[in-house]
Amino acid sequence: HPKALLRTIQEDGDFLVKLANQHIVSGDQFDQDTMKQLFRLAAKIESNPKRFSSPLQNKILISAFYEPSTRTRLSFESAWHRLGGDIMSITDRSTTGIAKGECLADVAEMFNNYGDCVVLRDNHESSLFEMMDALRIPIINAGNGVDEHPTQALSDMYAIFKWRPTLINPEENDKIKIGVIGVPNKMRTVRSFLKCLSVFPHAVDELVIIHDEASTGELFGQGQREELESRGITIRTVTDLDSVLPELDVVYINAISWEGDTFNTYGSAFHLTAKSPLKQDAIILHPLARGDELSTDLDHTSHNWYFSQARGAVFLRMALLTCMVERAERVIDVV
Ligand code: CP
């Protein structure tokens, strides 16, 4: 329950004030204290969402999703609605001037006139940066090609800390083994997740990357493995899922990666089912959408934390949006 996490984190609003009017581009923007305070605010909102029904009244979100999305678009829009704001949604770039060759800087200049915040998903990595140069309102990267998806990673970490609040504070001396099924270099969710995880090295006994044999040479993007190891995280790479499953406390699985105008599936040789040799109290996280890698027969087991992970993303995004668009100290004051 979010209240257990709430009790674990000391309140300190100063860290959240830093998020006001900031663009959210990458998982590596968040230090440990900022993430903790964000999770605290998310847990506060999740415990009593009705108390936060008005911070974004009269504010407009521009929700621009040029690549398919179920969870990210709808949970951002749900979060904004729950905070009392209004939304303009674009789900196809061909309905805008982009179809006539309008440059992204000009589109961004217009966004400045029409809204208070932009959430962008684009299959091109560079679109986000082209828009940022012209924007005077904050933009959130909701997935830019294979590069990053930072708010998914924050939601993943929020799910882990709700499951086991003792992991969040170094002085608790609690550690877990985390297995990641996927290719960090090819998957934006995994890349951003590892960036956020690296800020809590005290909580990681070992990080095990489970990949198919074909992807050995290109597992990590530039410098990511070195960054994780320099923070003290021990990394093992394996190709046999079932042999390592009995050791893992958290299993993070993802198979689909958007590349260009279509998607690729990595690690489709891997399957998690109710018969997999999971630890009794292990949890499974998956950013979804799922394919054959995650069997629906796990949905009604205690291993299923992927639905809770998706639900918690609404509250995490409510917390982030209030800090970016409304002054965080005002939000904290009202609770
Ligand atoms: N987790 C995630 O990014 O899901 P969607 O593609 O449905 O937004």
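**View 1. The centres of domain 1 and domain 2, taken over C-alpha atoms, are 24 Å apart.** The two domains are domain 1 (2–149 + 313–333) and domain 2 (151–310), with bounds that come from an automatic or database domain assignment. This is a predicted model, in which local features need pLDDT of at least 70 and side-chain atom pairs count only at pLDDT 80 or more, while totals for chains, interfaces and linings use all residues. Residues are numbered from 1 along each chain as its sequence is written.

**View 2. Domain 1 gives 34 residues to the contact and domain 2 gives 31 residues.** Two residues are in contact if their C-beta atoms, placed from the backbone, lie within 7 Å. On the side of domain 1 that touches domain 2, two or more residues come from each of helix 1 (2–8), helix 3 (32–47), helix 4, strand 4 and helix 11. Helix 3 gives the most, with six residues. Helices (H or I, at least four residues) and strands (E, at least two) are DSSP runs, numbered from the N terminus. This side of domain 1 divides into 16 nonpolar, 10 polar and eight charged residues. Ala, Val, Leu, Ile, Met, Phe, Trp, Tyr, Cys and Pro count as nonpolar, Asp, Glu, Lys and Arg as charged, and the others, Gly among them, as polar.

**View 3. The ligand lies between the two domains, because both give residues to the shell around it.** The shell consists of Ser 69, Thr 70, Arg 71, Thr 72, Gly 143, His 149, Gln 152, Pro 287, Leu 288 and Ala 289. A residue is near a molecule if its C-beta atom, placed from the backbone, lies within 6 Å of it. Three of the shell residues are nonpolar, six are polar and one is charged.

**View 4. Helix 4 (residues 71–82) has 12 residues.** From first C-alpha to last, helix 4 reaches 16 Å, close to the 16 Å expected at 1.5 Å a residue; the expected span is 1.5 Å times one less than the number of residues. Buried residues of helix 4 include Phe 76 and Trp 80 (buried: 20 or more other C-beta atoms, placed from the backbone, within 10 Å of the residue's own). Among the elements that the buried residues of helix 4 pack against are strand 1 (60–65), strand 3 (117–122) and helix 7 (150–163). Just after helix 4, Gly 84 takes a positive phi of about 95 degrees.

**View 5. Strand 9 (residues 256–259) and strand 10 (residues 262–265) run antiparallel, joined by four bridges.** Two strands pair if DSSP finds at least two bridges between them. Glu 259 has Thr 262 of strand 10 as its bridge partner. The hairpin has two residues between the strands, and Gly 260 takes a positive phi near 65 degrees.

Conventions
Buried ≥ 20, exposed ≤ 12 C-beta atoms within 10 Å, placed from the backbone.
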